[in-house]
Amino acid sequence: MELRKEIYKYPGEKWTLATMAAKVFLSESHLQSMYKKTFNVSCINDVINARIQLAKSLLSYTDYTISYISKSCGYNSSQHFFRQFNKMAGCSPNEYRKSFRM
């Protein structure tokens, strides 16, 4: 529970399976198994969900650039951010911002 709270509190951190496992003193495989059983989602997919939630909030309530939002959400590549956002939200970050503000 504490790990998940931390992921959602700090989605922009560099979350890797190794860092998450170290935080909870488990092996990577054991963490993956327990996390999936507990939350019905993999820990990496939960990180992505947390990042996209943060991105949606920033797109909705700020005028930050897409590039800034991408970096704030923990993405090193804006292209990777665009692909994941589009996959999760069903539209581009710009389209999401425009539709929210209408």
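## Basis of the description

Helix axes are lines fitted to C-alpha atoms over the stretch in contact, and angles run from 0 to 180 degrees between N-to-C directions. The model is predicted: local features need pLDDT of at least 70, side-chain atom pairs count only at pLDDT 80 or more, and totals for chains, interfaces and linings use all residues. Residues are numbered from 1 along each chain as its sequence is written, and side-chain values use heavy atoms, with hydrogens and water left out.

## Packing of H4 against H6

Helix H4 (residues 43-61) and helix H6 (residues 78-89) have axes that come within 10 Å and cross at roughly 90°; helices are DSSP runs (H or I, at least four residues) numbered from the N terminus. That makes H4 roughly perpendicular to H6, a term for angles of 65 to 115 degrees. The contact of H4 with H6 has, by class, eight nonpolar, two polar and one charged residues.

From H4, Ile48, Asn49, Ile52, Ala55, Lys56 and Leu59 meet Phe81, Gln84, Phe85, Met88 and Ala89 of H6, contact meaning heavy atoms within 4.5 Å. Gln84, in helix H6, is buried, with a relative accessible area of 16% (buried: under 20% relative accessible area, 1.4 Å probe, protein chains only). Leaving aside neighbours within four places in sequence, Gln84 is in contact with Ile48, Ile52 and Tyr75.

## Aromatic pairs

A pair of aromatic rings is described by the distance of the centres and the angle of the planes. Rings of Phe, Tyr and Trp (its six-membered ring) pair if their centres lie within 6.5 Å; planes under 30 degrees apart count as stacked, over 60 as edge-to-face and the rest as tilted. By this rule the count comes to seven aromatic pairs. The rings of Tyr35 and Phe39 are tilted, because their centres are 4.7 Å apart and their planes stand at 55°. Tyr35 and Phe39 are four residues apart in helix H3 (residues 28-39), and are therefore separated by about one helical turn. Both Tyr35 and Phe39 are buried.

The pair of Phe85 and Tyr96 is edge-to-face, since the ring centres are 5.7 Å apart and the planes lie at 80°. This pair links distant parts of the chain, with Phe85 in helix H6 and Tyr96 in helix H7 (residues 93-101), eleven residues apart. Phe85 counts as buried at 0% relative accessibility, and Tyr96 counts as buried at 19%.

Tyr75, Phe81, Phe82, Phe85 and Tyr96 form one aromatic cluster. Over the face of Tyr75 lies Arg51, at 5.4 Å from the ring centre; the criterion is that CZ of Arg is within 6 Å of the ring centre and within 35 degrees of the ring normal.

Notes
Helix = DSSP H or I, 4+ residues; strand = E, 2+ residues; numbered from the N terminus. Parallel < 35°, antiparallel > 145°, perpendicular 65-115°, else oblique. Nonpolar A, V, L, I, M, F, W, Y, C, P; charged D, E, K, R; others polar. Buried < 20%, exposed > 50% of the residue type's maximum accessible area, 1.4 Å probe, protein only.
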